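Biologist: Could you walk me through one part of this model in some detail? I'd like to go strand by strand and then look at the helices around it.

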Amino acid sequence: MNSTVDRSKLAELMRRETQRFVDEHPKSAELFEQGKRSLLAGVPMPWMTQWAGPYPVFVAGAEGARFTDVDGRTYVDFCLGDTGAMTGHAPKVAVDAIARQAAKGITTMLPSEDSIWVGREMARRFGLPYWQFCLTATDANRFTIRLAREITKRPKILVYNWCYHGSVDETISTLEDGAQRTRPGNIGAPVDPALTTRVVEFNDVEQLEKALAHEDVACVLAEPALTNIGIVLPDEGYHEELRRLTRRYGTYLVIDETHCICAGPGGATRAWGLEPDFLTIGKPLASGVPAACYGMSEEVAVRANAAMDAAPTTDVGGVGGTLSGNALSLAAMRATLEHVLTDEAFDRMIALGERWTDGVKRGIEENGLDWEVQRLGCRGEYWFTRTPPRTGGEAAAADDHELARFTHLFALNRGILLTPFHNMALMSPATAEDDVDAHTEVFAETAEALTA
Ligand SMILES: Cc1ncc(COP(=O)(O)O)c(C=O)c1O
């Protein structure tokens, strides 16, 4: 908890912002009440109850970097569907490709020509030669873990403390005083994750080597930088050590680029010269149409093919999905990669990310807050600590839920949507400098309200 913020003042400010939210969102309130009659907790999926207001705003439409709610209010969207809409909402070129393909058939469980173009493009961007498609990054991770286990005949995987890789059972585990535990809130876990998983702190080479030395770890599943407990960047040389040790102990390295694609068109893998055995990615690849994929090296591909060939049938082997690789997803992916998330778009988005963090830094300094701001490509984030955390454990300890709810609601009431769960903002090709400056102004206002 941040010690410099006066908690009674914070509570009073929060009351005021909550009242303002309720006064300005009657239609969303009404729909939320209706939703409760047919939807669990009134919303179509559980995270939608987690926004900072007493109920979520219901969306009427979204275009570019903005969306409008059912009460007629328009927002600059820095959450962008938690990266699912990093392309900006409804980019015309993708919408046209989606409409064309939808009219020609959406799913046939047969390959379409677009799959070849997309496979080649993924190889060009990320440097791995062979690709497979699915619908979510969660599935890309699940399928990759299965292949790594099958090939290595090892039972475990390794992840970082407070990582997030989707709803993958093996990854929902944390460290508590150095001991491995099932993560708080791990609902209906099939087995104790200690049976399937080793957990270490990010940036801790010694812990990593100790865990890999058991030689029972099929793969390390790693984000290049942690992004789901806030942005935690790797220390200088950490990735070289990670690669050296995984090779030394016969463990595959899976890099999950689902969020770190914000570092550039080939993600952090290309930006930082990483050499994974597998790579997984989902979310923005198809401008919001469900689509994900996983790539692998030549050596892995040979062994994966051998493993699949040896199985009596592959349709019930745990890697698949009836709608995986469907024609609609692939047409949307092709249009997105060819025309939306281009090299030039990333240059502009990253410059906007710098503008966003510069604006936040000014707001922090001018108001004497002991906060810090961090950036990874076109993704920015502020921390309620003076020094950015180096590990997931430090990042979790720096969390200040009460304060974050206030800064989010304050921004929302002034037309700015941040990513829930942390203080993150993402730039899209449709985001403009004025949008970023609008956030800078609101952030300064937040800081003034807290310190006045
Ligand atoms: C790094 C990372 N990997 C995988 C996922 C899972 O994505 P999805 O929920 O689309 O399956 C997420 C979701 O936030 C993520 O942040």
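Which strand order does the open sheet of seven strands have?

Modeller: Before the tour, a caveat: this is a predicted model, where local features need pLDDT of at least 70, side-chain atom pairs count only at pLDDT 80 or more, and totals for chains, interfaces and linings use all residues. Residues are numbered from 1 along each chain as its sequence is written, and side-chain values use heavy atoms, with hydrogens and water left out.

Now the sheet: the order is S4-S12-S11-S10-S9-S5-S8, and the pairing is mixed. (Strands are DSSP runs of E, at least two residues, and helices are runs of H or I, at least four, numbered from the N terminus; two strands pair if DSSP finds at least two bridges between them.) S4 (130-134) and S8 (197-200) are the edge strands, each pairing on one side only. From one strand to the next, the twist averages 20°.

Further in, S10 (residues 252-256) and S11 (residues 278-281) run parallel, joined by three bridges. There, valine 254 stands opposite phenylalanine 278 of S11.

Helix H9 (residues 298-310) lies across S4, S10, S11 and S12 (292-296), running at about 105° to S12. Axes here are lines fitted to C-alpha atoms, for helices over the stretch in contact, with angles from 0 to 180 degrees between N-to-C directions; contact means heavy atoms within 4.5 Å.

As for other helices, the axes of H4 (residues 114-126) and H10 (residues 327-340) come within 9 Å and cross at roughly 40°. The contact includes Trp117 and Met122 of H4 and Leu330 and Leu337 of H10.
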